[in-house]
Every structure is written in structure tokens, then in C-alpha cells.
Amino acid sequence: MPRVPDALEPRAQAAPARPAGARPPVEDFARRLVAGERFALARAITWVESGDRAGAELMRLVYPHTGRAWVVGLTGAPGTGKSTLLAKLAARFAALGRSVGVVAVDPSSPVTGGALLGDRIRWTPPETGDVFFRSLASRGRLGGLSSAAFDAVRLMDAAGREVVIVETVGAGQGEVDVARLAHTTVVALAPGTGDEVQAAKAGIMEIGDLFVVTKADRPGADECVRDVRLQLGLSPEARGRREGFGRAQGPAGEEPTWFPPVVKVSARTGEGLDRLVRLLAEHRAYLEASGRFGRRAALDDVLRMEDEFRRLAFERARRAAERAGAWAEAVERLGRREIDPATAARLAWSGTEPFPQAGSAAGVEGADGRAEGPK
Ligand SMILES: Nc1nc2c(ncn2[C@@H]2O[C@H](COP(=O)(O)OP(=O)(O)OP(=O)(O)O)[C@@H](O)[C@H]2O)c(=O)[nH]1
Ligand SMILES: [Mg+2]
């Protein structure tokens, strides 16, 4: 059996270094943040959340200090018990001497203002241990994680948080995003809610590295575990198959393997928590043994780069279309319902420079976005 990593071994806490000397504010903040100062971290996250330019500047400065944190994503339907579980997990890691960061993406939207569920758990920090909690109200335009959530995770990483746990409500794109950001994705399902069925529909069975059946003190937990196992391709007869970190003979010799475990946990009674923490540590060991730990963060960074590139490309193309008058024309004809939105987009695109185009909405079908010719 593979060795369980030192993520479980207690370790003494290092005191954050005190900064000294006066420098320009953002640089000063960057230094204090990297030294682990909580106030600087809190301020930095506020900057990125509000879109303050200082946030982008700070990110540029502290970025070389990122890439060390273990990012654990926790997702699941509203009211599954994620926050309650997260509080227990954070306390466990903190008790082991780890500095913990928590990013909760609040399901309340700026439109409705309210929380999804009246009884949702408010965060109470553990009595001991180093936990930094931050809740972000903002969500991405398409319901996925906002870039502020990604940035908050990176800032916590730069500030030396060793474990960063991100809670998102499973509502489509959110889970996919959290899996993209996290090294380890935990999917929470509550018994008796038909969550298993929903999960299969939403495709979250594919993203889970671990499945937690929450509220195990309630009836139906065993059935829920069985259903999830069945969906993972673990028939009751195949129960003996090893879940978690294993090794298998691959083309290039023995390779680390991972099969998603299903854990029954009650945050209320504490049942299953030890096993969950042990399996999380096992997944971390698997990530390291397979070289995925470093690669995962790098992949996320390239995707973040793509996001920004997409934004820049959009802005440039839109400005070009506006200059050519094609944007306004497209919007106007769309408003008169002469053309549908897709055709309108092509018409607007036909005005972009420096891409050579035919002047009509119909003539832009072949545009592949490659800049050709002098301009
Ligand atoms: N019986 C029982 N109830 C639980 C357990 N964990 C959470 N709950 C209850 O389930 C409700 C929702 O818990 P939360 O932790 O807020 O769930 P959540 O998934 O974070 O909810 P959202 O963030 O709103 O999606 C609360 O009333 C909790 O008290 C548990 O282990 N057993
Ligand atoms: Mg919650």
C-alpha cells in the first residue's frame, strides 16, 4: 500500500515574518502578503474582488510565489452540507499544524441578494489553528467561478496557505470550474435527495476525485453510497476493488492509479471524518507520485491565460467592429428582428480589422480569425 504522505503528520507552525520599511503601497502589500500577513491578504482579495487595478498589480508581483498550495475543491447541490463539512475539514487540517485558506463562493447573486437556503451555515472559525476564511459573493457571468475566486485562491497560495479549500454550489458550470482549479475535487451528495441521479445528469461523476455522502446520521446514507458506487462502475460484487491510491502495471511499468472512493460522513456526529481526511491525504500522495501535483496548477494557469487572451481578443475585435460601423449596424438590424443573433455576430465580425472580409453577413462564414495581408 502506498505511503500516506506527511499531510497528516502534525507539524509546528511557523510565525509569519514581520515586514519592515516603507515602500510604495502595492509593493509593500505584496511583501506583507508573501510574508503571510492576514491583513494584506484580506485587502488583496478585496482588491481583486472589486476589480481594483491594485489587485492586478499585486497579482503580478506575488505570482512567482504561487504554485505551492494544495487546492481542494468542494462542490455539490445547495444544502448538501458542504459548509458544515468544510468547517470540520479546515479545523482538522489546522489542528495538524497546516495553515488553511477557505474560499466560499456564495450562491447569493447580486440580482436576488439573498442566500439560496434560509438555514445555510454561517462560518464559525475553529477555536484553534490558523484558518483564513473568505467568502466571495461574485460569480462569473455564466454562473461559473468568477475570476475573483481564481485570484483569491492564488493570493492565498502566495500568502503561504498550505491547504486552500474552495466551496462552490453545484449549479452547472461551477463544478467544472472548481475541478479545473482544484488538485483534489470532492463532490458532496446528500442522502434521500436524488442527488446521485442529478449528479449523473450534470456530469459531476466525472469530476469527483472523492465522493462524500453527507449527513450520514440520516436515513438513506447507505443506499446513497451504493448508488454512487454503481454509477462509478463499482458493482456491489466489485466492492473488494481498491478505492483510492493504488498501483497498476502500465505500458511503462508500475504506475500510480486512483479510483474515486465513496465516503459516508456525518459532520454532526463526526462519523467518517477521519477516513475522509486520510483519503484526502492519500489523494495528495497520489498527485505527487504521478507528477500531477505540479502539472495541475500549470494547466489552470494556462487556462487563466486563455481567459484573459479571449477577453483581450474580444475587446480588440469589438472596437474594430465599432470603428467600421458594423457593430451598430448589426445591433440595429437585430433590434428590427431582420437577422438573428448569430447572423448579427457575423455581420459585426465582418467589420473587424485587420481580418479581410466580404462586407455582408453572409460572406463571413469562412473567416477563421487569422490575420492576413498588410494592414
Ligand atoms: N443531520 C445532519 N444535518 C447536517 C449535517 N451537515 C449539515 N447539516 C445541515 O444541513 C443544512 C445545510 O448545511 P450547509 O452546510 O449550509 O450546506 P451547504 O451545502 O453549504 O449549503 P449551501 O452553501 O447553501 O449550498 C444545515 O441545516 C445543516 O445543519 C450532518 O452531518 N447531519
Ligand atoms: Mg455553504
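Guide: Two residues are in contact if their C-beta atoms, placed from the backbone, lie within 7 Å. This is a predicted model: local features need pLDDT of at least 70, side-chain atom pairs count only at pLDDT 80 or more, and totals for chains, interfaces and linings use all residues. Residues are numbered from 1 along each chain as its sequence is written, while chains are lettered from A and ligands numbered from 1 in the order in which they are written.

Visitor: Among contacts in the protein chain between residues at least 6 apart in sequence, what percentage join residues at least 24 apart?

Guide: The count takes in contacts in the protein chain between residues at least 6 apart in sequence. Of these, the share joining residues at least 24 apart is 69%.

Visitor: How many helices and strands does the protein chain have?

Guide: Both are DSSP runs numbered from the N terminus: helices are H or I with at least four residues, strands E with at least two. On that basis, the secondary structure of the protein chain comes to 12 helices and nine strands.

Visitor: Of the 375 residues, what percentage count as buried?

Guide: Buried means that 20 or more other C-beta atoms lie within 10 Å of the residue's own; 12 or fewer means exposed, and in between is partly exposed. The protein chain has 375 residues. Its buried share is 39%.

Visitor: How do the axes of α2 and α3 stand to each other, parallel, antiparallel, perpendicular or oblique?

Guide: Axes are lines fitted to C-alpha atoms, for helices over the stretch in contact, and angles run from 0 to 180 degrees between N-to-C directions. Helix α2 covers residues 38-50, helix α3 residues 53-62, and their axes come within 7 Å and cross at roughly 120 degrees. Under 35 degrees counts as roughly parallel, over 145 as roughly antiparallel, 65 to 115 as roughly perpendicular and the rest as oblique. That makes the two helices, α2 and α3, oblique.

Visitor: Which residues in α3 does α2 meet?

Guide: The α2 side of this contact has A44, W47 and V48. On the α3 side they meet A54, G55, L58 and M59.

Visitor: How are α3 and α5 placed, parallel or oblique to each other?

Guide: Helix α5 runs over residues 147-158. It packs with α3 at an angle of about 45 degrees, with the axes 10 Å apart. The relation of α3 to α5 is therefore oblique.

Visitor: Which residues in α5 does α3 meet?

Guide: Helix α3 brings G55, M59 and V62 to the contact. Facing them in α5 are D151, R154, L155 and A158.

Visitor: What do the buried residues of α1 pack against?

Guide: Helix α1 spans residues 25-34, and its buried residues include F29, A30, R32, L33 and V34. After the helix comes G36, with a positive phi near 95 degrees. The buried residues of α1 pack against α2, α3 and α5.

Visitor: How are α11 and α12 oriented, parallel or antiparallel?

Guide: Helix α11 covers residues 326-335 and helix α12 residues 341-349. Their axes come within 8 Å and cross at roughly 160 degrees. The pair α11 and α12 is therefore roughly antiparallel.

Visitor: Which helices are included in what covers the buried residues of α11?

Guide: The buried residues of α11 are A326, W327 and A330. On the other side of α11, E332 and G335 are exposed. The cover over the buried residues includes α10 (292-323) and α12.

Visitor: Is R337 buried or exposed?

Guide: R337 follows α11 and sits in the loop between α11 and α12. Its phi is positive, about 60 degrees, although it is not a glycine. Most residues other than glycine have a negative phi. With 7 other C-beta atoms within 10 Å, R337 is exposed.

Visitor: Is K215 buried or exposed?

Guide: K215 lies in the loop between β6 (210-213) and α8 (221-231). K215 has a positive phi of about 50 degrees and is not a glycine. There are 26 C-beta neighbours inside 10 Å, so K215 counts as buried.
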